[in-house]
Amino acid sequence: MSGTASKLTRFIDHKISRKEHHGPRHHSPGATSRMEASFGPTFSTVAAGAKAEGSSNYKQHRRTPSSSSTLTYSPRDDDDMPPIGTPRRSDSAISIRSLHSESNMSLRSTFSLHEEEEDTEPQVFAEQPSVKLCCQLCCNVFKDPVITTCGHTFCRRCALTSDKCPVDTAKLTVVVNNIAVAEQIGELFIHCKYGCRATPAGATAGGGAAVVGTGVAAPGAATVAVTAITTVAGKPGAYEVDPLGCPFTIKLTSRMEHEVSCDYRPVRCPNNPSCPPLLTKHLEAHLKECEHIKCPHSKYGCTFIGNQDTYETHLEVCKFEGLKEFLQQTDDRFHEMQLTLSQKDQDIAFLRSMLGKLSEKLDQLEKNLELKFDVLDENQSKLSEDLMEFRRDASMLNDELSHINARLNMGILGSYDPQQIFKCKGTFVGHQGPVWCLCVYSTGDLLFSGSSDKTIKVWDTCTTYKCQKTLEGHDGIVLALCIQGNRLYSGSADCTIIVWDIQTLQKVNTIRAHDNPVCTLVSSHNMLFSGSLKAIKVWDIVGTELKLKKELTGLNHWVRALVASQNHLYSGSYQTIKIWDIRSLECVHVLQTSGGSVYSIAVTNHHIVCGTYENLIHVWDIDTKEQVRTLTGHVGTVYALAVISTPDQTKVFSASYDRSLRVWSMDNMICTQTLLRHQGSVTALAVSRGRLFSGAVDSTVKVWTC
């Protein structure tokens with residue numbers, strides 16, 4: 001590739017230096033003799049004419065049927081190229097012949113579709129262009145030559161539509177225009193397009209037209225005639241020199257300048273389009289003889305049509321001739337009125353444009369006003385919500401003050417020992433949705449939280465206080481968590497229970513437990529109890545497997561609360577709490593509640609406590625099953641209950657929709673503290689080693705310590 005690139009560079013530098021130091025190329029007498037010997041006297045005449053007018057942009061050749069002959073020869077002035085073919089005589093102008101290997105012929109056929117689509121002017125060269133000025137892809141003279149990354153020059157279109165270089169198969173990417181080659185091509189002489197004609201169909205290459213483009217081939221290949229319209233002479237689109245057409249040859253860069261004023265350019269008679277086509281040089285003579293000359297006043301109604309002689313006679317008697325000054329003034333006045341009307345139209349268009357802009361601005365102002373009103377309404381709504389929340393907090397504070405006053409009046413001050421006050425010590429953040437359940441693994445100080453984001457997060461509550469892992473496996477909201485031994489059981493809205501190994505934090509089994517979401521889970525006596533709609537299922541725990549043992553029925557609503565304590569199971573459904581004997585799995589007692597459905601249950605050493613939909617907390621004596629108190633204070637559903645017992649006292653914690661937690665002393669059934677830190681409803685509670693964990697709709701888990 002580098003050898004070919006350096007060779008092309010030396011050739012371009014050689015061309016430029018010859019042009020700069022020696023001016024337009026001309027042939028020495030010796031060269032003329034050699035051309036006469038090779039191509040005959042006709043070519044020497046053409047070459048001599050080129051020498052005489054080498055500095056001009058175009059020149060004229062004499063062309064008669066006897067002297068205008070087609071010459072086929074190999075590329076000239078290529079000192080480092082071997083002869084390409086044997087020259088021979090033909091019947092019309094110069095035709096290019098290049099040698100094409102079979103691969104180049106195949107390449108040419110590959111790009112024939114692109115070439116046929118091009119709409120180019122005929123290019124019949126007066127002399128055969130050098131093979132160095134021909135593209136190896138399309139086999140024609142370069143059109144907009146560019147240098148590619150491989151160092152070779154191709155037509156821009158060929159380089160953009162081809163994948164690989166035909167020389168070294170490198171990928172083609174355009175780098176820069178080849179200005180030197182473009183200037184050399186611009187200096188080539190071509191025949192005026194009005195001196196060319198289409199090659200008759202069926203003509204042979206030897207009797208074909210002058211070349212309109214060039215084909216490039218490797219040395220030593222077979223000679224093939226190529227035409228400028230990218231087809232072989234004799235095929236549609238090929239051209240040859242017309243001996244009856246324009247005799248001039250011009251530089252390729254000057255062809256437009258010449259052809260615009262060429263005497264052989266076809267024109268139409270200005271008097272009558274039905275007159276036969278004319279050449280520019282014949283137009284003046286035709287106008288003198290034309291029989292279709294109209295009166296200059298024909299636009300006013302004169303119907304005269306005649307030749308030059310009758311035209312002059314007609315003007316003497318034309319009734320419009322005497323009125324021509326008036327008619328001219330009328331035309332001028334009419335033209336002025338048209339200009340005025342056009343100006344008025346422009347003014348009207350401008351006013352309409354201004355009106356449209358004003359209308360758009362008015363619309364924008366209306367939209368801005370509506371937006372401001374919307375923002376004002378939104379702010380007013382937000383202020384109303386904040387006011388309601390403030391009033392609710394004020395109500396809770398008033399209740400708290402009432403409890404404090406009651407305690408002061410009763411002389412019970414011990415509960416307000418600063419050591420007994422619970423404070424928020426930290427917040428676990430990581431879930432992408434509300435937290436619905438919590439469970440503590442005391443052995444490893446791990447806290448598990450289930451969320452609407454369908455995941456279970458494992459939190460270290462002893463050392464790092466960070467999320468150790470996120471357990472994924474459920475396709476629905478995680479609603480319940482329970483631990484038995486070293487196994488974690490999770491229930492979800494996808495109606496399944498998943499068994500997790502706590503040591504490895506890996507899923508070990510999945511059970512399709514219910515036909516509806518699994519709301520609650522609790523374990524006892526090596527059994528797992530799962531609550532759903534109107535049903536509680538009892539599962540025997542066998543390793544990582546769950547074997548269905550029995551289904552407890554007689555429930556009339558969602559089982560939202562399950563608690564196992566000693567030998568009894570407590571279930572909350574609608575306004576009923578059922579107490580089951582765990583050994584016999586039979587219902588042994590039923591407690592009726594008021595204040596809406598049961599949402600939470602807690603069992604202490606002496607009491608059964610349940611939270612309801614209508615903000616109430618009911619308390620029963622665990623032995624007599626008699627209701628002893630109803631605790632009030634919350635202003636929302638009581639979602640969760642938890643118990644911390646010490647030898648000295650028992651505390652019950654309640655979590656509510658009103659975003660608060662309350663601490664209740666079970667010794668005197670009084671609320672001793674209200675915890676307000678969550679930004680959403682508090683939905684889950686868990687206790688471990690004197691610490692309280694609360695999960696909420698704000699997607700956080702908070703840690704409270706005494």
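Start by selecting His286, which sits in helix H9 (residues 280-289); helices here are DSSP runs of H or I with at least four residues, strands are E runs of at least two, and both are numbered from the N terminus. This is a predicted model, so local features need pLDDT of at least 70 and side-chain atom pairs count only at pLDDT 80 or more, while totals for chains, interfaces and linings use all residues. Residues are numbered from 1 along each chain as its sequence is written, and side-chain values use heavy atoms, with hydrogens and water left out.

Is His286 buried or exposed? His286 counts as buried because its relative accessibility is 16%; the scale runs buried under 20% relative accessible area, exposed over 50%, and partly exposed in between, with a 1.4 Å probe and protein chains only. Now show what His286 touches: ignoring residues up to four places away in sequence, you get Cys269, Cys275 and Leu278, where contact means heavy atoms within 4.5 Å.

Next, pick Cys135, Phe154 and Ile185. In the largest nonpolar core, which has 26 residues, these three touch the most other members. (A nonpolar core is a set of buried Ala, Val, Leu, Ile, Met, Phe, Trp, Tyr and Cys residues joined through side-chain atoms within 4.5 Å.) Colour strand E6 (153-155), helix H6 (156-161) and helix H7 (179-186) too, since each supplies at least two residues of this core. Zoom in on Phe154: leaving out neighbours within four places in sequence, its contacts include Cys135, Leu137, Phe142, Pro145, Ala159 and Leu172. Another core lies apart from that one, with 16 residues, among them Phe448, Leu481, Ile483 and Leu488. As background, nonpolar side chains in soluble globular proteins tend to be buried together.

For some contrast, go to Phe350 in helix H11 (residues 324-410). Phe350 is exposed, because its relative accessible area is 52%.

Jump to Val588 in strand E33 (residues 586-592). Val588 is partly exposed, at 44% relative accessible area. Which residues does Val588 contact, leaving aside neighbours within four places in sequence? They are His568, Ile579, Trp580 and Asp581. Val588 and His568 are 20 residues apart in sequence, and C-alpha to C-alpha they are 9.1 Å apart in space.

Last stop: the aromatics. The whole structure has 4 aromatic pairs, meaning rings of Phe, Tyr and Trp (its six-membered ring) with centres within 6.5 Å; planes under 30 degrees apart are stacked, over 60 edge-to-face, the rest tilted. Select Tyr599 and Tyr639: their ring centres are 5.9 Å apart and their planes at 65 degrees, so the pair is edge-to-face. This pair links distant parts of the chain, 40 residues apart, with Tyr599 in strand E34 (residues 598-603) and Tyr639 in strand E38 (residues 638-645). Tyr599 counts as buried at 19% relative accessibility, whereas Tyr639 is partly exposed at 25%.
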